[in-house]
Amino acid sequence: MTEPTWQSPPAPINDILNAAAPPTVLLSPNHKYLVELEQPLMSDIAEMAEPKVPLAGFLLNPQTNAPARYNKYHSLKIRDIKSHNIVTVDLPQFDQEYSQISYLKWSPDSERLAFTLTQTNGLELWVVELATANAQRLTEPILNAAYGIPHRWLTNDSLICKFIPEERGEPPVKSPIPTGAIVEENLGRKTPSRTYTNLLENPHDEALFEYYLSSSLEIVNLNGQRTALIAPCLIDEARPSPDGNFILLMTLHHPFSYQLPASYFPKRTQILTANGKIIRELEDLPLADNLSIKFDAVRTGKRRIFWRGDRPATIYWVEALDDGNPSNPATKRDALFELEPPFSSEPRLLWQSEYRFQHVLWGQEDIALVWERWFDSRRQRVWQINPQNPETSPQLLFDRSTEDKYNEPGAPMTVLGQYGRDIIRFTPDGDGIYLNGRGASPQGVYPFLDKFNLETKEKERLWQCQDPYFEGVVELLDRQAEILLTRRQSQTEPPNYYLKNGNNEPVLLTDYQDPAPQLAGIQKQLIQYQRADGVGLSATLYLPPGYDVNRDGALPMLFWVYPEEFKDREFAGQVTTATNTFSRPMRDSVLFLLTQGYAILSGPSIPIVGEGNAEPNDTYVEQLVTGTQAAVDYVVGLGIADRDRLGIGGHSYGAFTTVNLLAHTNLFKVGIAKSGAYNRTLTPFGFQGEQRSYWEAPDTYNKMSPFTHLAKIQAPLLLIHGEKDSNPGTYPLQTERLYEALKGLGATVRWVVLPYEDHGYRSREAIGHVLWEMVNWCDRYLK
């Protein structure tokens with residue numbers, strides 16, 4: 001065989017891939033600055049090939065003691081919102097092509113920003129003063145970012161940091177000679193788990209886990225002076241109290257697991273003073289290896305342990321009242337507790353939930369909002385509670401199905417509280433809050449800002465996006481909600497930030513340009529149609545630049561699919577896709593095929609509905625076929641798609657769907673399946689929205705598995721998979737076995753393995769190659 005080489009896609013795809021992407025933008029919590037971070041959308045394959053150590057569910061770079069995959073920005077700019085001045089922060093590159101900035105954290109007063117710079121041998125801690133853009137290094141490259149956040153602000157002039165122990169030495173070396181057999185056993189306990197990758201496998205892996213995750217905890221001030229707090233241990237998180245006087249320390253310990261990632265390992269939580277003295281052990285959770293596979297299953301004991309944002313040093317947590325098992329009958333599922341300094345008294349009960357606790361947002365002494373949700377019924381409720389007087393009856397604010405996007409009330413807006421943490425933003429009279437919503441409706445998606453009265457439960461619409469824009473509120477810049485920071489875009493205008501003040505003309509704060517002007521003429525529209533049983537469906541239709549149906553006729557079209565489960569057919573038909581957005585393809589997006597003369601039907605809704613006691617997946621194949629048939633009939637009826645030149649593709653669960661549609665229909669002439677799972681017996685304890693095990697629903701698992709029906713596939717199929725896919729359930733083995741089976745059956749199939757790539761593809765080389773494969777496959781068998 002010839003040596004494989006990376007291929008490049010045709011013009012203008014290569015040029016678009018090489019274009020710089022608009023920056024990521026962060027707003028300082030005090031609303032004075034925009035921080036702009038330039039981030040490449042793709043990595044170099046050499047970076048992907050750097051050494052990696054699999055450790056309990058994640059990959060570590062042993063040279064930097066940081067995750068092998070994490071966001072790294074290349075430049076940092078500070079934009080003053082009031083003066084519009086913008087300054088680039090001067091940072092070193094350390095013999096690298098560019099700076100590598102990560103782990104950004106605002107100081108409590110928002111006047112400084114802490115971050116890490118990656119050298120070839122580790123991560124340094126830096127701080128930039130936003131008013132002057134002056135940056136200074138506080139440490140050598142000794143931060144330990146192997147697991148969790150490596151640094152957090154303690155006060156406005158000091159941080160707590162996890163450091164690599166000074167006397168750590170060299171990593172453990174595995175003996176090439178086995179000392180014995182590797183044995184695991186289970187003595188009658190039920191310990192189901194979903195499928196995970198990069199797990200510990202033997203005692204040597206355990207030794208590596210302890211070696212790389214062990215950290216000392218120290219205070220570092222703005223002069224770089226260090227004060228040791230505790231001896232090295234397996235630190236999960238260290239969270240300072242809002243007033244900086246205490247620390248919540250979470251650590252991991254034995255016994256470890258060879259079937260579960262580190263997040264399930266035993267975890268001890270202690271309360272420390274700011275100088276490292278242990279006040280109290282709050283919890284010691286055992287290994288969570290016996291959880292139910294149902295989505296509402298949780299650990300027993302204290303979980304979700306955090307500081308209240310509206311108080312100087314009050315801890316809160318949640319405890320399950322049903323043993324953490326959603327199958328157990330219970331009138332109350334969770335309890336919310338709090339504990340005040342000196343942390344020696346009994347905790348105070350604040351609230352009990354009937355569903356599973358989701359989260360809490362603190363406001364003031366007598367007002368907090370809590371969310372609860374139950375997956376089986378898809379119900380969510382939001383309550384107003386009184387932490388000052390828990391005996392006061394909670395007030396129900398919202399009660400809705402999570403599937404009902406038309407009635408989403410929006411998320412409460414927050415503001416920086418006196419202790420430097422986000423709390424509820426109240427209206428000036430204190431009677432209401434502000435809700436920031438996405439605004440899905442039968443007419444489309446139009447974000448809004450509402451004022452909600454907590455006493456009367458009445459809403460007042462303060463602002464809503466209008467055609468031709470898709471514009472959302474980023475932040476309120478005054479108490480009266482008259483000055484808004486928004487992010488606005490349209491089909492022809494790229495996203496930019498605006499300052500809006502009442503009825504005055506909006507002020508443009510940023511001026512980011514179109515990164516792919518070659519696609520300026522693409523046409524995008526929402527289409528709506530019905531399934532044979534009357535369920536409403538919709539999709540986003542993309543047409544190539546300059547296309548005219550009367551002049552050009554029907555086009556070859558590629559469907560890009562991803563089905564979704566529902567419990568209510570009414571909500572399954574809701575329109576949730578915004579059509580006023582600015583659409584430009586990134587990475588390996590199927591939209592790149594627009595440049596080659598293909599039409600794209602993106603995200604055709606394929607609801608899999610199971611109402612009442614019926615499970616959606618029990619009729620998965622039937623609903624998959626009828627939903628897709630409706631989409632095909634509609635686009636062919638419009639005259640824009642050629643029934644004999646239709647293709648189907650998808651990623652992950654969309655790849656699974658693609659192979660199923662090729663097996664159960666003759667609608668498509670070609671298929672593209674990326675990083676999918678095709679044999680559900682290899683994911684026996686649930687997948688996607690399925691909570692039952694294989695042994696509880698064997699017929700459903702077998703019928704849904706396209707592997708079972710491969711002999712019926714006639715269309716050419718392109719299979720692509722990342723060599724190091726770590727997504728639960730989508731092992732590369734799934735695609736390997738699928739290819740071998742299809743090959744044995746005499747199918748037309750191509751199997752592409754991307755070295756070093758994960759579930760989503762990151763390297764410039766791999767992404768270019770994937771697009772070349774997609775274009776080449778469609779040109780050969782579809783166009």
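Colleague: Is tryptophan 695 buried or exposed?

Modeller: This is a predicted model, and in it tryptophan 695 is exposed, with a relative accessible area of 57%. The cut-off for that label is over 50%.

Colleague: Which residue forms an aromatic pair with tryptophan 695, and what is the geometry?

Modeller: The partner is phenylalanine 685. The centres are 5.5 Å apart and the planes make an angle of 50°, a tilted arrangement.

Colleague: Where do phenylalanine 685 and tryptophan 695 lie?

Modeller: Both are in the loop between β46 (670-674) and α8 (698-704), so the pair ties together parts that are ten residues apart in sequence.

Colleague: And how exposed is phenylalanine 685?

Modeller: Phenylalanine 685 counts as partly exposed, at 26% relative accessibility.

Colleague: How many aromatic pairs does the structure hold?

Modeller: There are 25 aromatic pairs. One of them joins phenylalanine 256 and phenylalanine 265, whose ring centres are 5.1 Å apart with planes at 20°, so this pair is stacked.

Colleague: Are phenylalanine 256 and phenylalanine 265 buried or exposed?

Modeller: Phenylalanine 256 and phenylalanine 265 are both buried.

Colleague: Changing topic to lysine 524: where is it found?

Modeller: Lysine 524 belongs to strand β39, which covers residues 523-530.

Colleague: What is the nearest side chain of opposite charge to lysine 524?

Modeller: That is aspartate 467, 11 Å away. Lysine 524 is buried and has no salt bridge.

Colleague: What does the side chain of lysine 524 reach, then?

Modeller: The side chain of lysine 524 reaches the backbone oxygen of threonine 579 at 3.5 Å. A polar contact to the side chain of threonine 581 is also present, at 2.7 Å.

Colleague: Now helix α6. How many residues has it, and what distance does it reach?

Modeller: Helix α6 has 18 residues, 620-637. From first C-alpha to last, α6 reaches 26 Å, close to the 26 Å expected at 1.5 Å a residue.

Colleague: Which residues of α6 are buried?

Modeller: Among them are Tyr620, Gln623, Leu624, Gly627, Thr628, Ala631 and Val635. An α-helix has 3.6 residues a turn, so residues three or four places apart point the same way.

Colleague: What is found just after α6?

Modeller: Glycine 639 follows there, with a positive phi of about 85°.

Definitions and conventions:
Residues are numbered from 1 along each chain as its sequence is written. This is a predicted model: local features need pLDDT of at least 70, side-chain atom pairs count only at pLDDT 80 or more; totals for chains, interfaces and linings use all residues. Side-chain values use heavy atoms; hydrogens and water are left out. Helices (H or I, at least four residues) and strands (E, at least two) are DSSP runs, numbered from the N terminus. The expected span of a helix is 1.5 Å times one less than its number of residues. Buried means under 20% relative accessible area, exposed over 50%, partly exposed in between (1.4 Å probe, protein chains only). Lys and Arg count as positive and Asp and Glu as negative; His and the chain ends are not counted. A salt bridge is a side-chain nitrogen of Lys or Arg within 4 Å of a carboxyl oxygen of Asp or Glu. A polar contact is a pair of N or O atoms within 3.5 Å; within protein, one must be able to donate a hydrogen and the other to accept it, and residues adjacent in sequence count only if both atoms are side-chain atoms. Rings of Phe, Tyr and Trp (its six-membered ring) pair if their centres lie within 6.5 Å; planes under 30 degrees apart count as stacked, over 60 as edge-to-face and the rest as tilted.
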